[in-house]
Amino acid sequence: MKRRGGFTIIEALFTMVIFSLVLSALAYSLSMLSRVSLARKDFGFELEALQLTQLIRDDARNASQVSASAGSLVFVGQDGEKSLTERLEAGLSAPGSMATVRYEFVEGWLYRTKSTDLKTERAPVYQLASFEVEQNGRLAKVKFSSEKSNKTETFETVVQLP
Amino acid sequence: MRRNRQGSVLIFALLFTVLTTLIGLSLIGMKKGHYSAAQLAVRAEQARLLAHAGVNDAIAKLQKDPFFPSGVGDAQTYFSYKEPLKLGDSEELLGYYQVTVDQVRRDEEGVVTIRSVGQTAFSGETSARHATYVEVSMRPGNFGVILWKEGQPPR
């Protein structure tokens with residue numbers, strides 16, 4: 001007579017407690033996950049900007065000649081793929097020892113093209129919203145922006161030119 | 001029949017609990033992996049900057065002292081030194097850089113090569129290493145970097 005339904009009141013209460021515990025644990029996990037995801041997105045964005053800055057600066061360090069325009073940068077310097085012995089044999093400023101690196105912003109992508117007397121390699125570096133170069137004497141101000149998850153961020157870096 | 005169905009909701013609730021916990025744990029595990037990868041990227045960047053600090057230290061010394069790293073009349077051509085880097089005035093160690101200066105080609109070609117290895121030093125965390133190779137022209141009136149390469153020297 002005590003048990004009319006499929007389970008008792010104690011069982012029902014126990015089930016409700018378990019459900020509420022599970023739901024609160026899920027809510028807590030989701031809030032933590034969203035925090036980690038947001039942090040990672042912001043962080044990943046800045047890291048990409050830093051990597052791009054490093055890449056341009058590394059090429060600028062190697063350059064002995066540079067030409068900059070609104071959407072492109074061209075560096076001419078030693079070919080880092082050839083050993084010092086080979087380059088010294090050819091002559092450090094001989095054409096066989098030099099490489100040209102060109103950055104171009106085309107249809108939302110920044111391309112890096114490296115040309116030597118033997119080969120030319122062109123590769124997309126990052127998808128950007130904008131890329132601008134402003135030369136001021138021996139300094140170049142590189143401005144670029146990126147758009148991710150409906151959020152646009154602009155970065156600016158100064159590169160020392162030869 | 002009714003007697004056999006008693007407690008079936010409880011069993012269902014328990015199964016549901018186990019299932020949702022498993023899904024939640026796997027999601028957290030995935031995110032933890034992503035987070036660790038992002039942290040490793042930071043360590044790698046710090047190691048790279050430590051290596052750059054070593055290169056800049058050696059270049060500054062070469063610029064200031066024409067006889068660095070050897071003394072006058074010293075025939076030694078290969079030198080290595082290691083320096084720790086601390087955060088500001090604190091005792092917290094950020095990492096090390098180990099610099100190797102090779103001046104075999106200094107007299108004939110006027111070129112000195114520098115190899116710097118940066119290593120992060122965080123207790124209890126994975127450390128990262130990065131190497132930077134640089135060639136410096138020591139020719140009179142033409143002092144400066146002629147090649148900057150991340151990683152190993154070109155072969």
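Start with the hairpin of S7(A) and S8(A): two residues sit between these strands, and A:Ser149 in the turn has a positive phi of about 50°. Strands here are DSSP runs of E, at least two residues long, and helices are runs of H or I, at least four residues, numbered from the N terminus. S7(A) covers residues 139–148, and strand S8 of chain A covers residues 151–160. They run antiparallel, with 10 bridges joining them. Two strands count as paired if DSSP finds at least two bridges between them. Across this pair, A:Glu147 stands opposite A:Thr152 in S8(A).

A word on what we are looking at. This is a predicted model, where local features need pLDDT of at least 70, side-chain atom pairs count only at pLDDT 80 or more, and totals for chains, interfaces and linings use all residues. Residues are numbered from 1 along each chain as its sequence is written, with chains lettered from A and ligands numbered from 1 in the order in which they are written.

Now the other side of S7(A). Strand S6 of chain A, residues 130–136, joins S7(A) through seven bridges, again antiparallel. A:Val133 stands opposite A:Val142 in S7(A). This hairpin also has two residues between its strands, and A:Gly137 takes a positive phi near 65°.

On to chain B. It has two helices and five strands. From the N terminus, the order is α-β-β-α-β-β-β. The five strands make an open sheet, ordered S1-S2-S3-S4-S5, with antiparallel pairing. S1(B), residues 78–86, and S5(B), residues 144–150, each have a single partner strand, so one side of each is left without a neighbour in the sheet. Neighbouring strands are turned by 20° against each other on average, direction ignored. Axes here are lines fitted to C-alpha atoms, for helices over the stretch in contact, and angles run from 0 to 180 degrees between N-to-C directions.

Inside that sheet, take S2(B), residues 93–102, and S3(B), residues 111–120. Eight bridges join them, antiparallel. B:Val99 has B:Ser116 as its bridge partner in S3(B).

What packs on the sheet? Helix H1 of chain B, residues 8–64, does, touching S1, S2, S3 and S4 of chain B. Its direction makes about 145° with that of S3(B). Contact means that C-beta atoms, placed from the backbone, lie within 7 Å.

H1(B) has 57 residues, which should span 84 Å at 1.5 Å a residue; the end C-alpha atoms are 84 Å apart, which agrees. The expected span is 1.5 Å times one less than the number of residues.

Which parts of H1(B) are buried? Among them are B:Leu49, B:Leu50, B:Val55, B:Ala58 and B:Leu62. Buried means 20 or more other C-beta atoms within 10 Å of a residue's own; 12 or fewer is exposed, and in between is partly exposed. The buried residues of H1(B) pack against S1, S2, S3 and S4 of chain B. Over the whole of chain B, buried residues make up 24% of the 155 residues.

Last, the contact between the chains. It takes 29 residues from chain A and 30 residues from chain B. On the chain A side, H1(A), residues 9–62, and H2(A), residues 84–90, each supply at least two residues. H1(A) gives the most, with 19 residues.

How values were computed
Two residues are in contact if their C-beta atoms, placed from the backbone, lie within 7 Å.
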